[in-house]
Amino acid sequence: MEKRKFNLSGIFAFIIAALVLVAVVPVNIIFNYYDKDFDMTEKSKYTFTDTTLQLLEETKDKEIEIYFLYDFDALRDTSEFLALYYTLEQLDARDNITLTCFMPDEKPDLIKLLNPSGALNPGQADVFVKCGDTIKQVASSRIFPYDSNGATSYAGEELISGAIKIVTGGSLPTIYFLTGHGEKTIDDGYATFAQVLKSGSYDAQSLDLSTVDAVPDNASIVMLAGPQTDITKEEKEKLEAYADKGGSFAFFIPPVETEGRFTNIEKFLEGYEIGIDYNRIEETAPSRMLNNRDYKQDPAFFMCTYTAATDSFTVDLTSEINSLAESQGLIPGISNTRSLYQILDTGSAYIEKSSIITNSPDELGAYSTLSIPFGGDDETAEEAEKLSDIQLELGFYSYNKENGSKLIALGTTDVMDEDTISVAVSLTQQLVKNSITWLYNSDMNMNIGNKDTAYDYLAFPNAEKAESTLRIFTIVPFCIAALGLLVWLKRRNS
């Protein structure tokens, strides 16, 4: 009796195919119906973390509007932007969240809604989160940051979740500008700088400490900019009480031709081991002078140096700005400034402080700045006259590790005063912006972090080994496929 051959032709093959369809098709229908996806990425790049899910649950009673300034479908069609697509899609699925997508130049009315003060700078692919009257902008460049290797990661969930937490809280971090000492205000003189702060998602308000019992609880930073007279003892005590709660301060104290000293300002700064000189600094070397607003060389406008950070300190405010200056060939500059100094003999182990700006030496390391006595009294004038032709500190940061309070201090207001600011101080203005972020970061830290794309790599000892491996993975599968085709052709009618 002839032995019968087993094959998959005819009715048997049809039955197998039918069984496969019966098994596979319903499964696909079920998963498609429930829109079920499995995120197999290493850090769940396309799905929300428990932190975000908890936040969304806590804010489900808030009406939240999210605006994406780009074509939403374009995200889905571009693999590197898929993470943002799924983030926005999951947010839009929430009952209390409305997602609106549009191109910035197509709907100026919506841009006006998102930027009523004109302080923000809406850009393509930015995300805006709005709840009530509180709006938080998330710039597209921050959603996909580059790491040190030039690869992009995804920070969208961290930033957008933080924005939701901020706007549902009802207010942005508030920077209070002190008034009552002859200084300019956010309505007159510092208006442009206040708008810059608002573009960084801060709120800027004026505060007269003499009219309140304490620094308001919602204060994120207290700023003293260009006082013409001293603060009172009572105001100093209110600032010290705020410092004890971990408050942050930005003091900008330019040269002022006063009679007598800023006694209470000095006493407050002593708590951060910083002192002020009563002088005005000018550069005597033409090669290190810079142009003023009229593009004329001016001794009060001169080159400066941003103090390099060291491993001895936990705070680094200057590395980024130094890298920017070097990479773009920019000249650091400062203008209309007094000098400051460190108080070294207090022995406070919990105070970390460092200069962040100094005058700039020549190629041989010599200094040529002139210290002109300005304001103060006879004693301060005598001290000021000793400060010519030496290295001078023009700005500091100080961090009190005991109570958590922070302070930056500069001897100028030209970085913010629209009546005196010039191109010469643009880098120093950027340093001030970075320092304000250190004082209080307007982004809410959700501890989600960036989600990187994971890559697998094969390392080969040499090019020959790499080529042979590639041949194995390309030629061998092709040969197997060809062999299978030959077998099928030979036995198709058996």
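**Reading helix H7 and its surroundings**

Student: How many residues does helix H7 have, and how far does it reach from its first C-alpha to its last?

Tutor: Helix H7 covers residues 156–169, which is 14 residues, and reaches 20 Å from first C-alpha to last, close to the 20 Å expected at 1.5 Å a residue. The expected span is 1.5 Å times one less than the number of residues. Helices (H or I, at least four residues) and strands (E, at least two) are DSSP runs, numbered from the N terminus. Keep in mind that this is a predicted model: local features need pLDDT of at least 70 and side-chain atom pairs count only at pLDDT 80 or more, while totals for chains, interfaces and linings use all residues. Residues are numbered from 1 along each chain as its sequence is written, and side-chain values use heavy atoms, with hydrogens and water left out.

Student: Which residues of H7 are buried?

Tutor: Buried means under 20% relative accessible area, exposed means over 50%, and partly exposed is in between (1.4 Å probe, protein chains only). In H7, twelve of the 14 residues are buried, so the helix is largely enclosed by the rest of the structure. The buried set runs from Gly156, Glu157, Glu158, Leu159 and Ile160 through Ser161, Gly162, Ala163 and Ile164 to Ile166, Val167 and Thr168. Across the 494 residues of the protein chain, 43% count as buried.

Student: How do I read the packing of H2 against H7?

Tutor: Axes are lines fitted to C-alpha atoms, for helices over the stretch in contact, and angles run from 0 to 180 degrees between N-to-C directions. Helix H2, residues 50–58, packs on H7 at an angle of about 25°, with the axes 11 Å apart. Angles under 35 degrees count as roughly parallel, over 145 as roughly antiparallel, 65 to 115 as roughly perpendicular and the rest as oblique. H2 and H7 are therefore roughly parallel to each other.

Student: Which residues of H2 and H7 meet, and is the crossing left-handed or right-handed?

Tutor: Contact means heavy atoms within 4.5 Å. On the H2 side the residues are Thr52, Leu55 and Leu56, and they meet Glu157, Ser161, Ile164 and Lys165 in H7. A crossing is left-handed if the near helix is turned anticlockwise from the far one by less than a right angle, and right-handed if clockwise. H2 passes H7 in a left-handed crossing.

Student: What should I look for in the phi angles, and what follows H7?

Tutor: Most residues other than glycine have a negative phi, and most peptide bonds are trans. After H7 comes glycine 170, with a positive phi near 105°. Tyrosine 295 is not a glycine, yet has a positive phi of about 60°. Tyrosine 295 sits in the loop between strand E12 (289–291) and strand E13 (297–306), and is exposed at a relative accessible area of 64%. Aspartate 389, also not a glycine, has a positive phi of about 60°. Its loop runs between helix H12 (378–384) and strand E18 (393–400), and aspartate 389 is partly exposed at 48% relative accessibility.

Student: How many salt bridges are there, and how are they counted?

Tutor: Side chains of opposite charge can pair when their charged atoms come close. A salt bridge here is a side-chain nitrogen of Lys or Arg within 4 Å of a carboxyl oxygen of Asp or Glu, and the count comes to twelve. One of them joins aspartate 419 and lysine 184, with the closest N and O atoms 2.9 Å apart. Aspartate 419 lies in the loop between strand E19 (406–410) and helix H13 (426–439), and lysine 184 in the loop between strand E6 (174–178) and helix H8 (191–199), so the pair ties together parts that are 235 residues apart in sequence.

Student: Which residues form a network of salt bridges?

Tutor: Asp73, Arg76 and Asp77 are linked that way. Within it, arginine 76 and aspartate 77 have their closest N and O atoms 4.0 Å apart. Arginine 76 is partly exposed at 42% relative accessibility, and aspartate 77 is exposed at 62%.
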